[in-house]
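These notes are meant for someone opening this structure for the first time.

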Amino acid sequence: MLDNRDLMNALETLETSDPALTDTEMQHLTRAVLTRTACGNPAARRTGHAVKSRRSSRRLPAWGQVLTAGAACAVLLVGLNGINPALAEGLPLLGDVFAYFNDLPKGYLQGNDLGEYAQPTQIEAEVRQAPAPEARDETAPKVQAAAGNILTENPCTLTLSQVYCDELYLRVGLVLTAEDDTLAGFDAVTIDPPLLYEDTTEAEANTLYGGVTLNGESVGGDLVPCFRKQDDHTFFCEMQYNLQNYTGDTRDMQASLTFSHLVGITEGSEDKIPLEGTYNLNFTVSEDASLTRVGQIDGGEQNGVRLVSVKVTPGETQMEYAVFGPLPGDATPALRAFAVQGENLTKLQPAAGSERWDEVQSCTVHTDYFDAVPEGVTELRVQMLDKNAEEEVLLAEWTVTLP
């Protein structure tokens, strides 16, 4: 079972150009994540009031522990740093959200051409009164939810500004605005969802953490919602949804997205100021695979590893590789990819990954995601390293030709 510290250590081992964290820095980062999300003190969640669990012996399901810990790290990693006021000044009110996030120094799944292929929209969310929290103490009186009441004077407006969907990911660009000074004192707006319990379904938790439903099927987001400040009245957010495990039709998907338990936060403060309302967005989107480029791989199997497939879209790059049996020296595989531009190699930053066991071929299949390949690039160099070796150990190398 993956606990919070395991996840933090996994993040620390991700390949990056920055120096590795020291043990002290790692401990400080872990404490900061748990403090920011109150994972280290569950009774202090929400607005600081104590919340009693129904039974101390009950635990969150394994999927829920990973979800909440992952969301905690996402809040910290895409938090308040990196705001670009100069870029924000040049963007219209409902501008190119994707372009803004693509320009951040530590953006997630960056693609220079994403904004060009995204579909502009102007869909305004329906705002309802937030439901009252359910009383979880079995000895306490039940609290009646107030769901379903339309808010007529909510000062904030949530607008779906852009949508992009290829065969790998659904991406949405969101704009939160307020004509008055409701948002003026915040540096960012994120979520502070209630505690998850043993009987909380994955679908319910998915909604609380900004997940989308596509034709009724829940699809979790790679990032927890975090709206970044453009000015006192405008905040931008990009949400990214991996479609790898989505099983429904990808044409004319009926998408539904809910944001609730929004809070305003300020740099240097632990205060979370609740914003009223639950925001519901409904829209139709279709997958567009016309821009997907499938790579031709040269290199075959090396040291028990084979690069299986490479797919390149304007938004991201997907690579799958298979590991047959133990690697030399019990190596731990890590993929590294470069875009070849003449004599120059441009490193594609890794973003996410997963693995599964293939019963037919008796091998472990890894799926890794990287930033998008720059437009016009027709060659990639892909390398397999032992990420735990003190000195760089190259296990395999492939050349990928793109159409």
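1. The model is predicted, so local features need pLDDT of at least 70 and side-chain atom pairs count only at pLDDT 80 or more, while totals for chains, interfaces and linings use all residues. Residues are numbered from 1 along each chain as its sequence is written, and side-chain values use heavy atoms, with hydrogens and water left out.

2. The rings of Tyr169 and Tyr369 have centres 5.4 Å apart and planes at 90°, so they form an edge-to-face pair. Rings of Phe, Tyr and Trp (its six-membered ring) pair if their centres lie within 6.5 Å; planes under 30 degrees apart are stacked, over 60 edge-to-face, and the rest tilted. Tyr169 is in strand S4 and Tyr369 in strand S22 (residues 363-370), 200 residues apart, and the pair links these distant parts of the chain.

3. By this rule there are two aromatic pairs. In the other, the ring centres of Phe227 and Phe259 are 6.0 Å apart and the planes at 70°, so this pair is also edge-to-face. Phe227 belongs to strand S8 (residues 226-231) and Phe259 to strand S10, so the pair ties together parts 32 residues apart in sequence. Phe227 counts as buried at 0% relative accessibility, and Phe259 counts as buried at 1%.

4. Overall, the protein has seven helices and 24 strands, taken as DSSP runs numbered from the N terminus (helices H or I, at least four residues; strands E, at least two). Of its 403 residues, 45% count as buried. Among contacts (heavy atoms within 4.5 Å) with a separation of 6 or more, 67% are between residues 24 or more positions apart.

5. The largest nonpolar core holds 41 residues, and Leu170, Val172 and Leu174 have the most contacts inside it. Such a core is a set of buried Ala, Val, Leu, Ile, Met, Phe, Trp, Tyr and Cys residues joined through side-chain atoms within 4.5 Å. Elements that each supply at least two of its residues include strand S3 (156-165), strand S4 (169-178), helix H7 (202-208) and strand S9 (234-242).

6. Leaving aside residues up to four places away in sequence, Leu170 touches residues including Val163, Val212, Met239 and Val285. A second, separate core of 24 residues includes Ala339, Phe370, Ala396 and Trp398.

Notes. Buried < 20%, exposed > 50% of the residue type's maximum accessible area, 1.4 Å probe, protein only.
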